[in-house]
Amino acid sequence: MSPHDTSLPPLEPQFGSHAQQDFARSFGMWVFLSSELLFFGPLLFGYLYLRMHHPAATGMASRHTDMLLGTVNTAVLLTSSFCMALAGHAAQENERRRAARLLALTALLGVAFLAIKGYEWHQEFGEHLFPGAGFRPDDATDPATVHGIELFFLLYFAATGLHALHLLIGVSACVWLMLVLRHAPPRGPGNEAVDVAGLYWHFVDVVWIVLYPLLYLTARSGG
Amino acid sequence: MDKATRPLVLTWIALMALLATTAGCALLRLGWLNTAISLAIAFAKALLVAIVFMRLRRAPALLRLAAVAGAVTLVLLFGLSLTDYVTRTELKAPWQQPATVAPRFGSG
């Protein structure tokens with residue numbers, strides 16, 4: 001934020017300047033995101049374990065997921081990240097109205113992602129692919145293979161569910177920011193708030209970028 | 001397209017191109033290369049988002065360090081966990097469906 005800006009957010013007493021305050025906020029968010037990566041880590045390790053111990057079952061299970069919807073969803077989320085980056089840029093230029101509009105678009109794409117994901121879950125419930133007593137994939141009868149496929153879907157629902165929860169929090173943050181951006185500081189947030197929320201949004205995008213090939217593309221061609 | 005947003009637009013185009021490539025390659029029968037290609041492309045996409053969208057390109061060293069710390073710790077934990085999981089014989093968990101567990105001597 002430029003020093004000649006008339007509408008600066010209040011400077012907290014522990015910071016010497018607004019630049020330092022903004023940096024501390026970004027740094028705090030990055031530390032949080034690093035811990036979030038470790039939060040998703042065990043799920044990724046579980047997947048690695050499954051892939052090493054039940055490679056054939058993982059491939060069979062992965063072919064049960066809907067690749068078309070998964071790919072469309074990846075495109076939706078990548079585009080939402082692009083909108084978020086544009087919103088951060090607009091906020092830096094102090095164009096808060098444009099930033100708010102871009103945040104609305106980002107949130108809308110996030111909701112579209114959740115809707116598509118919900119439809120996929122609905123389909124998988126219908127195909128008896130939710131782990132539990134009713135788990136019955138239609139193409140495997142060998143108990144060891146069924147067990148491997150069930151483990152895959154346990155990870156699938158845990159990982160996509162945790163990701164969807166994060167996205168829901170991201171959408172809420174976008175909507176909240178969009179509403180409070182109308183007020184100039186000190187009543188509303190400073191322009192750097194959009195960037196900090198953006199870091200979180202992009203992280204959720206990165207998690208999906210990693211989940212997409214693991215859950216949808218494994219042995220898709222059958223080999 | 002103004003000059004400042006050009007990197008963002010180019011990154012979005014690159015991300016879409018990479019997505020199309022990874023989806024296309026997944027449909028070809030390439031054996032182990034399928035996994036290698038999809039993971040390499042996922043890594044490239046994640047780097048693009050982190051460096052351009054998350055502004056690591058112009059970030060101070062301390063921010064870059066905080067960003068890398070999580071990834072490095074994750075790799076360390078993966079390595080340490082693997083030393084256990086690749087060397088241990090797989091024990092059947094008690095909640096498995098009975099048919100998947102070989103009957104043990106002496107069990108009713």
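Helix H3 (67–92), helix H5 (143–180) and helix H6 (192–217) of chain A are among the elements that cover the buried residues of H4(A) in this predicted model. Helices here are DSSP runs (H or I, at least four residues), numbered from the N terminus. The buried residues of H4(A) are Ala99(A), Ala100(A), Leu102(A), Leu103(A), Thr106(A), Ala107(A), Leu109(A), Gly110(A), Phe113(A) and Lys117(A). A residue counts as buried if 20 or more other C-beta atoms, placed from the backbone, lie within 10 Å of its own, as exposed if 12 or fewer do, and as partly exposed in between.

As for its length, H4(A) has 31 residues (96–126) and should span 45 Å at 1.5 Å a residue, which agrees with the 45 Å between its end C-alpha atoms. That expected span is 1.5 Å times one less than the number of residues. After H4(A) comes His128(A), with a positive phi near 60°. Ala133(A) sits in the loop between H4 and H5 of chain A; this residue is exposed because it has 6 other C-beta atoms within 10 Å.

Now for the other chain. A total of 40 residues of chain A are in contact with 42 residues of chain B, where contact means C-beta atoms, placed from the backbone, within 7 Å. On the chain A side, helix H1 (18–53), H3, H5 and H6 each give two or more residues, and H1(A) gives the largest share, 13 residues. By class, this side has 23 nonpolar, 15 polar and two charged residues. Ala, Val, Leu, Ile, Met, Phe, Trp, Tyr, Cys and Pro count as nonpolar, Asp, Glu, Lys and Arg as charged, and the others, Gly among them, as polar.

Zooming in on one helix pair, the axes of H3(A) and H1(B) come within 10 Å and cross at roughly 170°. The two helices are therefore roughly antiparallel to each other (an angle over 145 degrees). Their contact includes Leu78(A), Phe82(A) and Leu86(A) of H3(A), along with Trp12(B), Leu15(B) and Leu19(B) of H1(B). This contact has 11 nonpolar, four polar and no charged residues.

Chain B averages a pLDDT (the predictor's confidence in each residue, from 0 to 100) of 88, with 81% of the residues scoring at least 70.

Residues are numbered from 1 along each chain as its sequence is written, and chains are lettered from A, and ligands numbered from 1, in the order in which they are written. In this predicted model, local features need pLDDT of at least 70 and side-chain atom pairs count only at pLDDT 80 or more, while totals for chains, interfaces and linings use all residues.

Note on methods. Contact = placed C-beta atoms within 7 Å. Axes fitted to C-alpha atoms, helices over the stretch in contact; angles between N-to-C directions. Parallel < 35°, antiparallel > 145°, perpendicular 65-115°, else oblique.
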